[in-house]
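Biologist: Could you help me learn to read a protein model, one feature at a time?

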Amino acid sequence: MAKTDSRTSKSIKNSSVALVFYFINLILQFFSRKIFLDYLGAEVLGLNTTATNLLQFLNLAELGVGAAIACTLYKPLAEKDTDTINEIVSLQGWLYRRIAWIVIAGSVVLMAFFPWIFAKMPLPLWYAYASFGVLLVSGLLSYFVNYKQIVLSADQKEYKIQYSYKASMLIKTLCQILAIRYLRDGYVWWLVLEIVFAIVASLVLNRMVRQTYPFLETKLGRGRELSRKYPAIIKKVKQLFFHKIGSFALTQTSPIIIYAYTTLTVVALYGNYMLVILGIQTLMTAIFNSMNAGIGNLVAEGNRKQIMFEELFSVRFLFTCIMCFGVFMLTPLFVILWVGNEYVMDTMTLLLMTVTLFIQLNRTTVDAYINAYGLFGDIFAPVTEASINICLSVLLGYFGGLNGVLLGVLISLFLVVFCWKPYYLFRKALKQRLKLYIIMYVKHLSVAIVSIILTYSVLKFVPMHSFESALSSFVYGVFITILYTLILLSMFYFLGLGLNRFIRRIQSMMNGRK
């Protein structure tokens, strides 16, 4: 129990620090986007989004090396095997160096097609080259410099990444807001600050790694030798390449396809909503991502009785329902208050985005265990997901525009992530019948639906007609979300779902400290 408590306390510390940085970053991001729209226009913002997605396409070359290295580091970190840690990180650095040159070569080829890609853009073409070039340099630092941070993540010390790298990024965002607002040629200054702070943040992060792990010494010249010594890592990297394709198709192709059927302005509107949704995803990551290393540590110990799948599923499901309910209720009102009525999208678009968010957030429990066990052998799954995603998005987008593209994404997620992944985990790793997962999911989903019904039953006694302004309607939406949260939390706890066991575990840990 002591080890479990230690893992739990580390998770709480990581989550607490991540939450503080999350809320600061969230506020700055919304201010930044507002300044972007007011002073530079939707076209520049849409260009920035499109350039980012093009770069993410090239980052497919990363092959999933980081995930393969992370799941391999859990055991040597638990055993304090410094020699193995040095060798694994050296292999990562060697692989990243080779990937970086592939990304550079791909970028040169891609930029040759910019006159065609951005033919509809009403801005000078140098905007596209400058935006992509700056983001490329910032991204390459991850391959050449920042890769050692993987040790902090695998060792449940992500709070140190927040203190070093993320703090520098917050200062960068603040400076960019001020530059756009008060300086001439604001976008040029935005680009300059992007590069300068990327370099500064990388230097600060590496100093933190050296202070935390003074024994860490990478020898990239041994890369080829180490690739033969650790063939399991190379095998996982090859498997993860296909999973990266599926992930890219899910997160990065949609804005490109939307732009093909619409305009940069629609991409910017879609980006506003996605900023809200990505903010929710980042919040969930801040709360739960620190637990992933603890799960990996449990798996490395081989103690099946301590796996705690239902507890973590129940807690994440609770937060997922609350977040998705809040997104659907509050996003249009928030957008009105934030940037104005003209940036609000239709209800069907929001519903499709919310259901997609629900599946994406719910998948994190299954994904955490799949990563901990290193189960990347189902390479057909991401290929199938990507094929369904892109084909249906292009086809349905032709007939339904933005909503058609979003429906294509949703269908691919349902078939592969919602249906296949749990089956794969339970059959290959947990060695339990899938029936147990289905019953658990149905119980949780039923409670969530009943909670919605109860919430709206209570709301019959609240006079909605008295809320006429956007601000008062937003406050009313917050009230509904809080009411739903209280009802849902009560039902989860008193119906004996995994949440109450998780709470008792936290209480036991806190009592042990006293």
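**Reading the chain**

Modeller: Buried residues account for 55% of the chain's 514 residues; buried means under 20% relative accessible area, exposed over 50%, and partly exposed in between (1.4 Å probe, protein chains only). This is a predicted model, where local features need pLDDT of at least 70 and side-chain atom pairs count only at pLDDT 80 or more, while totals for chains, interfaces and linings use all residues. Residues are numbered from 1 along each chain as its sequence is written, and side-chain values use heavy atoms, leaving out hydrogens and water.

Biologist: How many helices and strands does the chain have?

Modeller: Helices (H or I, at least four residues) and strands (E, at least two) are DSSP runs, numbered from the N terminus. Here there are 19 helices and 0 strands.

Biologist: Is Leu240 buried or exposed?

Modeller: Leu240 has a relative accessible area of 7%, so Leu240 is buried. Leu240 belongs to helix H11 (residues 231-251).

Biologist: Which residues have the most contacts inside the largest nonpolar core?

Modeller: In soluble globular proteins, nonpolar side chains tend to be buried together. A nonpolar core is a set of buried Ala, Val, Leu, Ile, Met, Phe, Trp, Tyr and Cys residues joined through side-chain atoms within 4.5 Å. The largest one has 162 residues, and Leu73, Phe309, Leu425 and Leu488 have the most contacts inside it. Helix H13 (residues 264-301) gives this core its largest share, 17 residues.
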